[in-house]
Amino acid sequence: MDKTSRRQALRLGAALGGSLGAAAQEPRSLGRPLSAYGERSRFVKPVRATRVTKTPEAGSSSTPLADTFGIVTPSALHYERHHAGVPDIDPATHRLTIHGLVERPLVLTMDEIRRLPSASRIHFLECGGNSGSEWAAENGPTVQRSYGLASCSDWTGVPLRLLLDEVGLKPGAAWLIAEGADACRMQRSVPIVKALDDAMLAYGQNGEPLRPEQGFPLRLLTPGWEGNVQVKWLRRLDVTDQPYMTRDETSKYSDLMPDGKARIFTLPLEAKSVVTFPSGGHTLAGAGLYEITGLAWSGRGRVERVEVTLDGGRTWVDAKLDEPRLRLAFTRFRMPWRWDGRAAAIASRCTDESGYVQPTRAELIEARGTNSGYHFNGIKLWKISPDGSVTNVHA
Ligand SMILES: Nc1nc2c(c(=O)[nH]1)N[C@H]1C(S)=C(S)[C@@H](COP(=O)(O)O)O[C@H]1N2
Ligand SMILES: [Mo]
(Lines give C-alpha, C1' and ligand atoms only; values in the text may rest on other atoms or scores of the structure.)
(Ligands and ions follow the chains in the order given, each with its own letter.)
Protein backbone atom coordinates (compact mmCIF):
# COMPACT_ATOMS: atom_id res chain seq x y z
CA MET A 1 0.00 0.00 0.00
CA ASP A 2 1.56 3.36 -0.91
CA LYS A 3 1.52 6.38 1.36
CA THR A 4 -1.45 8.03 -0.33
CA SER A 5 -3.77 5.09 -0.03
CA ARG A 6 -2.77 4.47 3.59
CA ARG A 7 -3.77 8.04 4.38
CA GLN A 8 -7.06 7.38 2.72
CA ALA A 9 -7.48 4.11 4.63
CA LEU A 10 -7.08 5.92 7.95
CA ARG A 11 -9.25 8.77 6.67
CA LEU A 12 -7.14 11.25 8.62
CA GLY A 13 -8.51 14.01 6.43
CA ALA A 14 -7.68 17.67 6.81
CA ALA A 15 -7.73 17.48 10.61
CA LEU A 16 -4.16 16.12 10.78
CA GLY A 17 -0.93 17.13 9.05
CA GLY A 18 0.19 20.43 7.56
CA SER A 19 1.25 21.51 4.08
CA LEU A 20 4.69 20.56 2.71
CA GLY A 21 6.12 24.05 2.29
CA ALA A 22 6.78 25.06 5.89
CA ALA A 23 9.18 22.23 6.92
CA ALA A 24 11.70 22.93 4.15
CA GLN A 25 12.37 26.49 5.39
CA GLU A 26 13.86 25.56 8.80
CA PRO A 27 17.39 26.97 9.42
CA ARG A 28 20.28 24.60 10.13
CA SER A 29 23.12 24.95 12.64
CA LEU A 30 25.68 22.64 14.21
CA GLY A 31 24.38 20.48 17.03
CA ARG A 32 25.91 20.10 20.45
CA PRO A 33 28.91 17.80 20.99
CA LEU A 34 29.05 14.26 22.39
CA SER A 35 28.01 13.58 25.96
CA ALA A 36 29.22 10.96 28.42
CA TYR A 37 25.83 10.02 29.81
CA GLY A 38 22.67 10.63 27.83
CA GLU A 39 19.83 12.98 28.66
CA ARG A 40 16.44 13.15 27.02
CA SER A 41 15.42 16.07 24.82
CA ARG A 42 14.68 19.27 26.69
CA PHE A 43 11.30 19.23 24.96
CA VAL A 44 10.30 15.99 26.69
CA LYS A 45 8.84 16.76 30.10
CA PRO A 46 7.06 13.81 31.80
CA VAL A 47 8.30 13.20 35.34
CA ARG A 48 7.42 11.03 38.31
CA ALA A 49 4.61 12.44 40.45
CA THR A 50 5.43 12.56 44.13
CA ARG A 51 2.90 11.74 46.79
CA VAL A 52 3.75 13.79 49.83
CA THR A 53 3.58 11.87 53.08
CA LYS A 54 4.63 12.87 56.57
CA THR A 55 8.28 12.92 55.55
CA PRO A 56 9.86 12.81 52.08
CA GLU A 57 11.85 9.74 53.18
CA ALA A 58 8.69 7.68 53.55
CA GLY A 59 6.85 8.38 50.35
CA SER A 60 6.15 7.21 46.86
CA SER A 61 6.38 8.57 43.36
CA SER A 62 4.45 7.28 40.39
CA THR A 63 5.29 6.51 36.78
CA PRO A 64 3.65 8.72 34.12
CA LEU A 65 2.10 5.64 32.46
CA ALA A 66 0.28 7.72 29.84
CA ASP A 67 3.63 9.09 28.62
CA THR A 68 5.55 5.83 28.20
CA PHE A 69 5.61 3.66 25.07
CA GLY A 70 5.84 -0.12 24.75
CA ILE A 71 6.30 -2.20 27.88
CA VAL A 72 9.62 -1.09 29.40
CA THR A 73 9.58 1.81 31.85
CA PRO A 74 12.60 4.12 31.53
CA SER A 75 14.66 3.65 34.71
CA ALA A 76 14.46 7.37 35.47
CA LEU A 77 10.65 7.11 35.49
CA HIS A 78 10.31 3.84 37.44
CA TYR A 79 7.97 4.37 40.36
CA GLU A 80 9.55 4.64 43.81
CA ARG A 81 8.29 3.50 47.16
CA HIS A 82 10.47 3.59 50.20
CA HIS A 83 9.96 3.73 53.91
CA ALA A 84 13.21 5.31 55.12
CA GLY A 85 14.73 7.14 52.17
CA VAL A 86 17.14 5.96 49.49
CA PRO A 87 20.40 4.81 51.10
CA ASP A 88 23.70 5.68 49.44
CA ILE A 89 25.43 2.29 49.36
CA ASP A 90 28.99 1.67 48.22
CA PRO A 91 28.90 -1.69 46.42
CA ALA A 92 32.51 -2.31 47.49
CA THR A 93 31.48 -2.54 51.14
CA HIS A 94 27.98 -4.02 50.69
CA ARG A 95 27.47 -7.61 51.87
CA LEU A 96 24.69 -10.16 51.53
CA THR A 97 24.40 -12.61 54.43
CA ILE A 98 22.49 -15.88 54.01
CA HIS A 99 21.97 -17.73 57.27
CA GLY A 100 19.38 -19.45 59.48
CA LEU A 101 18.21 -22.96 58.59
CA VAL A 102 21.09 -23.58 56.20
CA GLU A 103 24.04 -26.00 56.22
CA ARG A 104 26.68 -23.45 55.19
CA PRO A 105 25.94 -19.80 55.99
CA LEU A 106 27.45 -17.37 53.51
CA VAL A 107 28.50 -13.73 53.43
CA LEU A 108 28.89 -12.53 49.83
CA THR A 109 30.41 -9.42 48.33
CA MET A 110 28.91 -7.82 45.22
CA ASP A 111 31.96 -8.93 43.21
CA GLU A 112 31.27 -12.51 44.24
CA ILE A 113 27.60 -12.22 43.32
CA ARG A 114 28.52 -10.76 39.93
CA ARG A 115 30.66 -13.85 39.16
CA LEU A 116 27.69 -16.24 39.48
CA PRO A 117 25.58 -17.50 36.54
CA SER A 118 23.00 -14.82 35.79
CA ALA A 119 19.82 -14.20 33.80
CA SER A 120 17.95 -11.20 32.40
CA ARG A 121 14.16 -11.10 32.42
CA ILE A 122 11.49 -8.48 31.82
CA HIS A 123 9.06 -8.25 34.75
CA PHE A 124 6.59 -5.72 36.03
CA LEU A 125 6.80 -4.42 39.56
CA GLU A 126 3.64 -3.16 41.22
CA CYS A 127 3.00 -1.88 44.73
CA GLY A 128 0.20 -3.78 46.51
CA GLY A 129 -1.21 -0.30 47.19
CA ASN A 130 -1.33 0.68 43.50
CA SER A 131 -4.75 2.04 42.49
CA GLY A 132 -5.74 1.81 46.15
CA SER A 133 -7.56 5.10 45.70
CA GLU A 134 -10.00 3.26 43.40
CA TRP A 135 -11.51 1.59 46.46
CA ALA A 136 -12.58 5.03 47.65
CA ALA A 137 -15.33 7.23 46.27
CA GLU A 138 -12.81 9.96 45.50
CA ASN A 139 -10.19 8.58 43.11
CA GLY A 140 -6.99 9.84 41.49
CA PRO A 141 -7.59 12.22 38.58
CA THR A 142 -4.96 10.78 36.22
CA VAL A 143 -3.70 7.31 35.36
CA GLN A 144 -0.35 8.37 36.82
CA ARG A 145 -1.89 9.32 40.16
CA SER A 146 -4.16 6.30 40.39
CA TYR A 147 -2.16 3.55 38.61
CA GLY A 148 1.44 4.78 38.51
CA LEU A 149 2.82 2.58 41.29
CA ALA A 150 3.56 0.02 38.58
CA SER A 151 6.50 -0.16 36.20
CA CYS A 152 8.26 -2.77 34.09
CA SER A 153 11.99 -3.33 33.62
CA ASP A 154 14.52 -5.71 32.17
CA TRP A 155 16.15 -7.06 35.34
CA THR A 156 19.48 -8.87 35.51
CA GLY A 157 20.68 -10.95 38.40
CA VAL A 158 21.29 -14.34 39.94
CA PRO A 159 18.51 -16.91 40.31
CA LEU A 160 18.03 -17.18 44.10
CA ARG A 161 17.75 -20.94 43.78
CA LEU A 162 21.44 -21.17 42.91
CA LEU A 163 22.45 -19.57 46.19
CA LEU A 164 20.00 -21.62 48.24
CA ASP A 165 21.44 -24.79 46.67
CA GLU A 166 24.88 -23.49 47.59
CA VAL A 167 24.08 -22.86 51.27
CA GLY A 168 22.00 -26.05 51.54
CA LEU A 169 18.54 -25.79 53.12
CA LYS A 170 18.06 -27.64 56.39
CA PRO A 171 14.90 -29.71 57.05
CA GLY A 172 12.07 -27.42 58.12
CA ALA A 173 13.21 -24.49 55.95
CA ALA A 174 9.92 -23.01 54.79
CA TRP A 175 10.37 -19.24 54.65
CA LEU A 176 13.12 -16.76 54.18
CA ILE A 177 13.17 -13.32 55.67
CA ALA A 178 14.58 -10.71 53.32
CA GLU A 179 16.02 -7.60 54.96
CA GLY A 180 17.01 -4.28 53.42
CA ALA A 181 19.98 -2.11 54.37
CA ASP A 182 17.85 1.04 54.57
CA ALA A 183 17.40 2.78 57.92
CA CYS A 184 14.14 0.92 58.66
CA ARG A 185 15.78 -2.43 57.82
CA MET A 186 12.59 -3.33 55.98
CA GLN A 187 11.78 -7.03 56.23
CA ARG A 188 9.40 -9.34 54.43
CA SER A 189 8.82 -13.07 54.79
CA VAL A 190 8.97 -15.00 51.52
CA PRO A 191 7.74 -18.60 51.15
CA ILE A 192 10.69 -20.79 50.22
CA VAL A 193 8.76 -22.21 47.24
CA LYS A 194 8.93 -18.83 45.53
CA ALA A 195 12.60 -18.51 46.42
CA LEU A 196 13.26 -21.87 44.77
CA ASP A 197 11.04 -21.07 41.79
CA ASP A 198 11.69 -17.82 39.89
CA ALA A 199 12.98 -15.39 42.54
CA MET A 200 16.09 -13.48 41.60
CA LEU A 201 18.72 -11.32 43.25
CA ALA A 202 18.86 -8.44 40.81
CA TYR A 203 21.73 -6.03 40.29
CA GLY A 204 20.84 -4.83 36.78
CA GLN A 205 17.96 -2.76 35.44
CA ASN A 206 17.42 -1.92 31.79
CA GLY A 207 21.00 -2.65 30.82
CA GLU A 208 22.82 -0.84 33.63
CA PRO A 209 23.21 -1.30 37.37
CA LEU A 210 20.03 -0.83 39.43
CA ARG A 211 19.14 2.77 40.14
CA PRO A 212 19.62 3.69 43.83
CA GLU A 213 15.83 4.19 44.04
CA GLN A 214 15.31 0.61 42.85
CA GLY A 215 17.68 -0.93 45.41
CA PHE A 216 21.28 -0.44 44.26
CA PRO A 217 23.37 -2.51 44.53
CA LEU A 218 21.07 -5.54 45.07
CA ARG A 219 17.37 -6.23 45.40
CA LEU A 220 15.16 -9.26 45.74
CA LEU A 221 12.78 -9.87 42.85
CA THR A 222 9.78 -12.12 43.32
CA PRO A 223 8.20 -11.78 39.87
CA GLY A 224 4.45 -11.20 39.81
CA TRP A 225 4.21 -10.64 43.55
CA GLU A 226 3.34 -7.39 45.27
CA GLY A 227 6.15 -4.86 45.23
CA ASN A 228 6.62 -4.75 48.97
CA VAL A 229 8.16 -8.26 49.12
CA GLN A 230 10.79 -7.28 46.59
CA VAL A 231 13.18 -6.00 49.21
CA LYS A 232 15.60 -3.35 48.02
CA TRP A 233 19.18 -2.75 49.20
CA LEU A 234 19.15 -6.44 50.17
CA ARG A 235 21.59 -7.26 52.97
CA ARG A 236 20.29 -10.43 54.61
CA LEU A 237 18.31 -13.59 53.95
CA ASP A 238 17.39 -15.50 57.09
CA VAL A 239 15.99 -18.97 56.34
CA THR A 240 13.28 -19.88 58.87
CA ASP A 241 10.46 -22.33 59.52
CA GLN A 242 7.82 -19.59 59.78
CA PRO A 243 7.17 -15.98 58.74
CA TYR A 244 8.33 -13.13 61.00
CA MET A 245 4.91 -11.40 60.79
CA THR A 246 6.63 -8.07 60.16
CA ARG A 247 4.93 -4.67 60.10
CA ASP A 248 4.59 -4.69 56.31
CA GLU A 249 2.90 -8.10 56.21
CA THR A 250 0.48 -7.56 59.08
CA SER A 251 -0.62 -3.96 59.59
CA LYS A 252 0.31 -3.01 56.01
CA TYR A 253 -0.27 -4.74 52.66
CA SER A 254 -3.15 -6.69 54.21
CA ASP A 255 -6.86 -6.16 53.60
CA LEU A 256 -9.58 -6.05 56.23
CA MET A 257 -12.58 -8.12 55.11
CA PRO A 258 -16.23 -7.38 55.92
CA ASP A 259 -16.23 -10.20 58.54
CA GLY A 260 -13.41 -8.51 60.45
CA LYS A 261 -10.73 -10.98 59.35
CA ALA A 262 -7.78 -9.83 57.30
CA ARG A 263 -6.43 -11.25 54.05
CA ILE A 264 -2.69 -11.42 54.56
CA PHE A 265 0.17 -12.76 52.44
CA THR A 266 -1.86 -12.17 49.27
CA LEU A 267 1.37 -12.16 47.36
CA PRO A 268 0.67 -12.87 43.66
CA LEU A 269 -1.04 -9.88 42.05
CA GLU A 270 -4.23 -10.69 40.15
CA ALA A 271 -4.80 -9.82 36.49
CA LYS A 272 -5.21 -6.12 35.88
CA SER A 273 -5.26 -3.61 33.05
CA VAL A 274 -5.80 0.07 32.47
CA VAL A 275 -6.32 2.27 29.45
CA THR A 276 -3.50 4.84 29.45
CA PHE A 277 -4.77 6.81 26.44
CA PRO A 278 -7.24 8.37 26.62
CA SER A 279 -7.18 8.61 30.40
CA GLY A 280 -7.90 11.13 33.13
CA GLY A 281 -6.55 14.60 32.42
CA HIS A 282 -6.33 14.16 28.64
CA THR A 283 -8.34 16.38 26.32
CA LEU A 284 -9.24 15.01 22.90
CA ALA A 285 -8.76 17.60 20.17
CA GLY A 286 -12.04 16.72 18.44
CA ALA A 287 -13.89 13.92 16.73
CA GLY A 288 -11.82 11.61 14.55
CA LEU A 289 -9.21 8.90 14.70
CA TYR A 290 -7.31 8.01 17.87
CA GLU A 291 -5.45 4.95 19.12
CA ILE A 292 -6.74 3.63 22.41
CA THR A 293 -3.83 2.02 24.22
CA GLY A 294 -2.98 0.69 27.63
CA LEU A 295 -1.19 -1.87 29.73
CA ALA A 296 -2.22 -5.25 31.09
CA TRP A 297 -0.42 -7.59 33.46
CA SER A 298 -0.97 -10.53 35.77
CA GLY A 299 0.98 -12.00 38.65
CA ARG A 300 -0.14 -15.45 37.51
CA GLY A 301 1.51 -15.59 34.13
CA ARG A 302 0.89 -14.26 30.63
CA VAL A 303 -1.84 -11.91 29.54
CA GLU A 304 -4.11 -13.93 27.27
CA ARG A 305 -6.67 -11.37 26.18
CA VAL A 306 -7.60 -7.71 26.64
CA GLU A 307 -11.03 -6.42 25.67
CA VAL A 308 -12.03 -2.79 25.42
CA THR A 309 -15.46 -1.25 25.99
CA LEU A 310 -16.56 2.14 24.69
CA ASP A 311 -19.99 2.09 26.27
CA GLY A 312 -19.28 1.62 29.95
CA GLY A 313 -19.09 -2.17 29.86
CA ARG A 314 -22.18 -3.13 27.85
CA THR A 315 -20.21 -4.38 24.84
CA TRP A 316 -16.59 -5.45 24.51
CA VAL A 317 -14.20 -5.92 21.59
CA ASP A 318 -10.78 -7.55 21.55
CA ALA A 319 -7.79 -5.21 21.54
CA LYS A 320 -4.60 -6.09 19.67
CA LEU A 321 -1.81 -7.31 21.97
CA ASP A 322 1.83 -6.46 21.25
CA GLU A 323 4.26 -9.37 21.02
CA PRO A 324 6.16 -10.79 22.73
CA ARG A 325 3.66 -11.41 25.50
CA LEU A 326 5.98 -12.17 28.36
CA ARG A 327 5.18 -13.96 31.59
CA LEU A 328 4.77 -11.56 34.54
CA ALA A 329 5.50 -8.53 32.37
CA PHE A 330 3.47 -5.62 31.07
CA THR A 331 1.59 -6.36 27.86
CA ARG A 332 0.75 -3.38 25.66
CA PHE A 333 -2.69 -3.36 24.01
CA ARG A 334 -3.96 -1.12 21.24
CA MET A 335 -7.15 -0.42 19.36
CA PRO A 336 -7.89 2.18 16.68
CA TRP A 337 -10.93 4.27 17.56
CA ARG A 338 -12.91 6.79 15.60
CA TRP A 339 -14.46 9.12 18.14
CA ASP A 340 -17.83 10.46 17.03
CA GLY A 341 -17.64 13.37 19.44
CA ARG A 342 -20.27 12.01 21.80
CA ALA A 343 -19.94 10.98 25.45
CA ALA A 344 -18.24 7.62 25.91
CA ALA A 345 -17.04 5.50 28.83
CA ILE A 346 -13.99 3.42 28.01
CA ALA A 347 -12.29 0.65 29.94
CA SER A 348 -10.22 -2.49 29.46
CA ARG A 349 -10.66 -6.01 30.80
CA CYS A 350 -7.76 -8.44 31.10
CA THR A 351 -7.88 -12.24 31.04
CA ASP A 352 -4.68 -14.04 32.03
CA GLU A 353 -3.44 -17.48 31.03
CA SER A 354 -4.97 -19.05 34.14
CA GLY A 355 -8.40 -18.04 32.75
CA TYR A 356 -8.93 -15.40 35.48
CA VAL A 357 -10.94 -12.42 34.21
CA GLN A 358 -10.43 -8.96 35.70
CA PRO A 359 -13.54 -8.19 37.81
CA THR A 360 -15.62 -5.03 37.88
CA ARG A 361 -15.16 -2.70 40.82
CA ALA A 362 -18.63 -3.68 42.03
CA GLU A 363 -17.72 -7.39 41.97
CA LEU A 364 -14.53 -6.66 43.87
CA ILE A 365 -16.39 -4.70 46.54
CA GLU A 366 -19.01 -7.47 46.73
CA ALA A 367 -16.24 -9.95 47.56
CA ARG A 368 -13.97 -7.81 49.73
CA GLY A 369 -16.06 -4.99 51.14
CA THR A 370 -14.84 -1.43 51.36
CA ASN A 371 -12.22 -1.63 54.11
CA SER A 372 -9.49 -2.75 51.74
CA GLY A 373 -6.79 -0.30 50.80
CA TYR A 374 -4.62 -2.69 48.82
CA HIS A 375 -4.81 -5.12 45.91
CA PHE A 376 -7.40 -3.29 43.83
CA ASN A 377 -7.57 -4.78 40.33
CA GLY A 378 -11.06 -3.78 39.20
CA ILE A 379 -11.97 -2.64 35.69
CA LYS A 380 -11.13 1.06 35.30
CA LEU A 381 -13.55 3.39 33.49
CA TRP A 382 -12.61 6.74 31.97
CA LYS A 383 -15.38 9.08 30.90
CA ILE A 384 -15.01 11.04 27.65
CA SER A 385 -17.20 14.14 27.58
CA PRO A 386 -18.39 15.79 24.33
CA ASP A 387 -15.90 18.63 24.97
CA GLY A 388 -13.11 16.03 24.74
CA SER A 389 -12.18 16.07 28.42
CA VAL A 390 -11.40 12.73 30.06
CA THR A 391 -12.15 12.06 33.72
CA ASN A 392 -11.88 9.21 36.22
CA VAL A 393 -15.27 7.71 37.04
CA HIS A 394 -16.37 4.57 38.86
CA ALA A 395 -19.35 3.55 36.76
N1 LIG B 1 14.47 -2.19 51.81
C2 LIG B 1 13.31 -1.79 51.29
N3 LIG B 1 12.74 -2.51 50.30
C4 LIG B 1 11.56 -2.14 49.77
C5 LIG B 1 10.88 -0.99 50.25
C6 LIG B 1 11.50 -0.23 51.29
O7 LIG B 1 11.00 0.79 51.76
N8 LIG B 1 12.71 -0.67 51.79
N9 LIG B 1 9.65 -0.67 49.73
C10 LIG B 1 8.91 -1.78 49.14
C11 LIG B 1 7.70 -1.39 48.46
S12 LIG B 1 6.36 -1.01 49.43
C13 LIG B 1 7.58 -1.45 47.10
S14 LIG B 1 6.11 -1.18 46.33
C15 LIG B 1 8.78 -1.69 46.24
C16 LIG B 1 9.02 -0.50 45.35
O17 LIG B 1 10.12 -0.70 44.52
P18 LIG B 1 10.66 0.50 43.64
O19 LIG B 1 10.87 1.68 44.55
O20 LIG B 1 11.88 -0.01 42.98
O21 LIG B 1 9.59 0.81 42.63
O22 LIG B 1 9.94 -1.93 46.98
C23 LIG B 1 9.76 -2.63 48.19
N24 LIG B 1 11.05 -2.89 48.78
MO1 LIG C 1 4.49 -1.03 48.08
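User: What volume does the second largest cavity have?
Analyst: The second largest cavity has a volume of about 30 Å³. A cavity here is a set of points, on a 1 Å grid over the protein atoms alone, where a 1.4 Å probe fits but cannot get out. Grid points are joined across faces, edges and corners, and the volume is the space filled by probe spheres set on the points.
User: Before we go on, where do the values come from?
Analyst: This is a predicted model, where local features need pLDDT of at least 70 and side-chain atom pairs count only at pLDDT 80 or more, while totals for chains, interfaces and linings use all residues. Residues are numbered from 1 along each chain as its sequence is written, chains are lettered from A and ligands numbered from 1 in the order in which they are written, and side-chain values use heavy atoms, with hydrogens and water left out.
User: Which residues line the second largest cavity?
Analyst: Its lining is Leu 65, Thr 68, Gly 70, Ile 71, Val 72, Thr 73, Leu 295, Phe 330 and Arg 332; a lining residue has an atom within 4 Å of a point. By class, that gives five nonpolar, three polar and one charged. Ala, Val, Leu, Ile, Met, Phe, Trp, Tyr, Cys and Pro count as nonpolar, Asp, Glu, Lys and Arg as charged, and the others, Gly among them, as polar.
User: And how much space is in the largest cavity?
Analyst: About 210 Å³. Its lining has 20 residues, with Arg 81, Arg 219, Gly 227, Gln 230 and Lys 232 closest to the centre.
User: What sits in the largest cavity?
Analyst: That's where ligand 1 is; sitting in a cavity requires more than half of a molecule's atoms to lie within 2 Å of its grid points.
User: Which residues come nearest to ligand 1?
Analyst: Tyr 79, His 83, Asp 182, Arg 219 and Lys 232, out of 21 residues around ligand 1. To count as near, a residue needs a heavy atom within 4 Å. The shell contains seven nonpolar, eight polar and six charged residues.
User: What about polar contacts?
Analyst: For a ligand, that is a pair of N or O atoms within 3.5 Å. A nitrogen atom of ligand 1 is 2.6 Å from a side-chain N or O atom of Asp 182. On the backbone side, Tyr 79 has an N or O atom 2.7 Å from a ligand oxygen, and a polar backbone atom of Arg 81 is 3.0 Å from an oxygen atom of ligand 1. The protein buries 100% of the 530 Å² that ligand 1 exposes when taken alone, by the Shrake-Rupley method with a 1.4 Å probe.
User: Switching to open spaces, how big is the largest pocket?
Analyst: It holds about 390 Å³. A pocket is an open set with protein on both sides within 12 Å along at least five of seven lines. Among the 17 lining residues, Arg 40, Val 44, Pro 74, Ala 76 and Leu 77 are closest to the centre, and the lining splits into nine nonpolar, three polar and five charged.
User: Last topic: where are the cis peptide bonds?
Analyst: One joins Phe 277 and Pro 278, with omega about -5 degrees. Another runs from Glu 323 to Pro 324, with omega near 0 degrees. Most peptide bonds are trans.

Conventions. Polar contact = N/O pair within 3.5 Å; in protein donor to acceptor, adjacent residues only side chain to side chain.
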